[in-house]
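Hello,

Please find below the structure I said I would pass on. My notes on it follow.

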Amino acid sequence: SLSSPTCTSLSHSHCFFPLLSSTLSFFPFVLISIQKPTPSGFQTNEYADAQLQEIVRKMRERATVYKEKLKDPVLSSPEGSPTKEDAEAKPEEDHYCDMLCCKFKKPPLKKYMEHLHLPDSIDSYTDRRYVAWLMLVTVAYNWNCWFIPLRFVFPYQTPSNTIYWFTMDILCDICYLCDLLIFQPRVQFLRGGDIISDRVEMKKFYHSSMKFRLDVISVLPFDILYFFFGFNPAFRANRMLKHNTFFEFNDRLEAILDKAYIYRVIRTTGYLLFILHINACLYYWASDYEGLGSTRWVYDGKGNMYLRCYYWAVRTLITIGGLPEPQTLFEIVFQLLNFFLGVFVFSSLIGQMRDVIGAATAGQNYYRSCMDNTVSYMNTYSIPRVVQNRVRTWYEYTWDSQGMLDESELLEQMPTKMQLAIAIDVNFAIVNKVDLFKGCDTQMIYDMLLRLKSIVYLPGDFVCKKGEIGREMYIIKQGEVQVLGGPDGKKVLVTLRAGAVFGEISLLAAGGGNRRTADVVAHGFANLFILDKKTLNEILLHYPDSEKLLMKKAKVLLKTKGKPPPGPPVQQPRGLASLFGQKQETPKLFKAMVGGKGKEGLAKLLQLKRQQDTQNKPEREEKKPVEPAAPSAPPAQKEEPNTGAKPKPAVMHRGTSNESLIISMSPSPRAGEGEILKVEVKEKNRK
């Protein structure tokens with residue numbers, strides 16, 4: 001029936017007959033439709049005829065385009081470029097498969113792997129997901145180690161519960177296979193100090209290791225022997241060879257735990273329990289071999305068989321005694337081997353437990369030893385009880401707050417880069433807030449972080465005292481300090497908290513300006529960072545720009561903070577008068593005799609003396625005797641006038657005289673009176 005419509009529709013194009021015949025072979029289902037008889041007696045399908053004509057038309061158009069392209073190769077391809085929508089739809093279409101007349105979605109294996117979000121490579125030292133997977137494999141390994149001997153010896157596996165045991169075995173085998181095929185080939189490894197993360201190289205490295213061989217042996221399906229010999233757990237003994245994963249999990253878990261010694265104690269206890277478990281299984285096997293209840297030494301078959309055998313194993317390995325004596329040769333040999341094994345096992349486990357507990361309490365023992373030695377020293381030299389109590393308090397608080405007495409001892413064991421990384425995480429946030437170091441080189445701050453020393457002060461301890469030489473700067477890490485002042489030195493001026501800085505003036509001052517200007521006392525328990533002047537100078541040798549910046553800030557700090565505490569306000573002189581000292585007060589006697597105040601009285605006295613000298617000059621030239629006139633000024637009183645009575649001003653008489661005026665100053669015999677002005681009149685010597 002295919003030849004008739006083909007010949008009818010392609011009577012004018014015989015050259016395309018082979019092509020269309022092959023095309024029709026892909027559409028067998030389109031011919032299944034309603035057939036209509038034709039007048040010529042042939043049956044045709046109208047739908048198939050229309051489709052074939054459409055195909056012929058498109059083929060002719062495509063042939064024409066290719067002919068033109070052969071003539072002009074510049075023309076672009078007749079096939080359109082794929083659009084964005086087509087590109088997005090293409091991966092979705094690839095997931096579908098055509099089967100007869102239906103389509104169904106078939107996601108590839110890569111799609112399932114993407115949903116798991118598995119990394120291309122695994123860092124076994126830092127990836128927590130890998131540690132979680134190892135824990136799952138370890139659980140499967142312990143299931144096999146504990147229950148394979150139990151099921152082999154004790155009659156706990158019965159035909160009624162075999163399906164449950166078999167299900168758990170299948171789950172454990174799936175964990176083994178996933179670890180073998182997916183996780184282990186992705187684990188990174190070191191080669192010549194380089195971390196290899198290439199997928200092909202990691203797979204080759206794993207396949208060439210002994211671990212891979214043991215993993216392959218551990219998953220060999222010896223379980224198929226169940227069909228020939230029955231469900232015997234002994235065929236799964238190869239599952240116990242995956243011990244490398246168990247020990248790897250222990251190492252990785254200890255590396256990420258904060259208190260790894262707790263897990264070490266649990267693991268050592270697990271080793272002991274497992275050895276006792278194996279011994280209990282051996283005892284039941286020996287009892288079954290000899291016959292249950294056949295002698296007093298073997299298990300009599302009463303009570304819980306596992307607990308009774310486990311109790312016997314504990315008493316035998318620990319050599320407690322009190323057990324029935326073995327009767328037969330087999331029992332004697334078995335008992336002797338148990339004793340030898342018990343001595344060896346328990347000596348090893350006790351030594352291991354001692355090492356674990358010793359490592360866990362090493363820090364506590366060191367702290368206790370230091371404190372005991374200090375107390376013994378103080379008792380030897382009869383240190384007062386108050387001081388001893390403060391020393392004990394410092395030890396206890398320092399240990400409780402930071403878990404060690406000196407942080408530098410722990411960091412000294414690490415490389416410098418590691419020390420810097422820890423110091424940046426712990427202390428950089430505090431030091432970076434200090435205004436004094438803002439703008440300095442970051443590397444200089446890093447070097448300074450490595451030199452900071454942490455010291456704990458008790459409540460009431462003086463961090464620094466006023467007037468002492470300052471050689472350190474303090475940064476408050478934790479707690480509070482109080483700056484004291486006032487007339488009695490006990491008034492709290494300022495309370496400084498975490499992140500504050502004090503003592504930087506003494507650290508940066510030069511030329512004798514490095515004395516403390518106030519008392520600083522710890523309010524409670526205060527943890528401070530200390531940076532001494534010598535260390536800062538050693539650091540600044542390598543950072544000259546930071547040194548210049550700190551010197552500029554030091555000058556500003558010395559101007560603002562380095563002044564003495566303000567006293568009562570004093571009016572400062574202005575102008576040129578500020579170059580001279582403060583003017584002393586005019587003596588009281590001088591004021592009384594002159595009759596004026598300050599400069600005015602002194603000016604009058606000097607003017608009178610000049611007038612007398614001018615009048616006496618012509619008299620000496622004439623050399624005429626004259627009668628003595630009244631003295632120009634009365635003699636000074638020898639007795640000091642009363643402070644309560646107002647002194648009378650001296651009266652100055654004008655006239656000529658042959659007497660000379662002598663003015664002198666002498667200190668007062670009484671304290672606080674200043675100086676006394678004396679005025680004497682002497683007669684001139686005549687020639």
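**Notes on the model**

Strand β9 (residues 472-478) is paired with β12 through 2 bridges, and the two run antiparallel. Within this pairing, Ile-475 lies across from Val-501 of β12. Helix α18 (residues 416-431) packs on the sheet, where it touches β9 and β14 (526-532). The direction of α18 makes about 110 degrees with that of β9. Bear in mind throughout that this is a predicted model.

The sheet that holds β9 is open and has 4 strands, in the order β7-β14-β9-β12, with antiparallel pairing. Its edges are β7 (453-457) and β12 (501-502); each has a single partner strand, so one side of each is left without a neighbour in the sheet.

Another open sheet of 4 strands has the order β8-β13-β10-β11, and its pairing is antiparallel. Here the edge strands are β8 (462-464) and β11 (491-496), each of which pairs on one side only. On average, neighbouring strands of this sheet are turned by 35 degrees against each other, direction ignored. Inside it, β10 (residues 481-485) and β13 (residues 519-522) are joined by 4 bridges in the antiparallel sense.

Next, a helix. How far apart are the end C-alpha atoms of helix α3 (residues 46-71)? They are 38 Å apart, and this agrees with the span of 38 Å that its 26 residues should have at 1.5 Å a residue. The buried residues of α3 are Ala-48, Leu-52 and Val-56. As background, an α-helix has 3.6 residues a turn, so residues three or four places apart point the same way.

Then the cysteines. A disulfide is a covalent bond between the sulfur atoms of two cysteines. With a cut-off of 2.5 Å between the sulfur atoms, the count is 0 disulfides. Cys-178 is partly exposed, at a relative accessible area of 24%, whereas Cys-370 counts as buried at 17%.

Last, the confidence. The average pLDDT of the chain is 75, and 67% of the residues score at least 70. Over residues 1-40 the pLDDT stays under 50, and the model has 31 contacts beyond four places in sequence for them. Residues 563-570 also have a pLDDT below 50, with 1 contact beyond near neighbours in sequence. Where pLDDT is low, the predicted coordinates should not be read in detail.

Regards

Conventions: Residues numbered from 1 in each chain as written. Predicted model: local features only at pLDDT ≥ 70, side-chain atom pairs only at ≥ 80, totals over all residues. Heavy atoms only, no water. pLDDT = per-residue confidence, 0-100. Contact = heavy atoms within 4.5 Å. Expected span 1.5 Å × (residues − 1). Buried < 20%, exposed > 50% of the residue type's maximum accessible area, 1.4 Å probe, protein only. Pairing = 2+ DSSP bridges. Axes fitted to C-alpha atoms, helices over the stretch in contact; angles between N-to-C directions.
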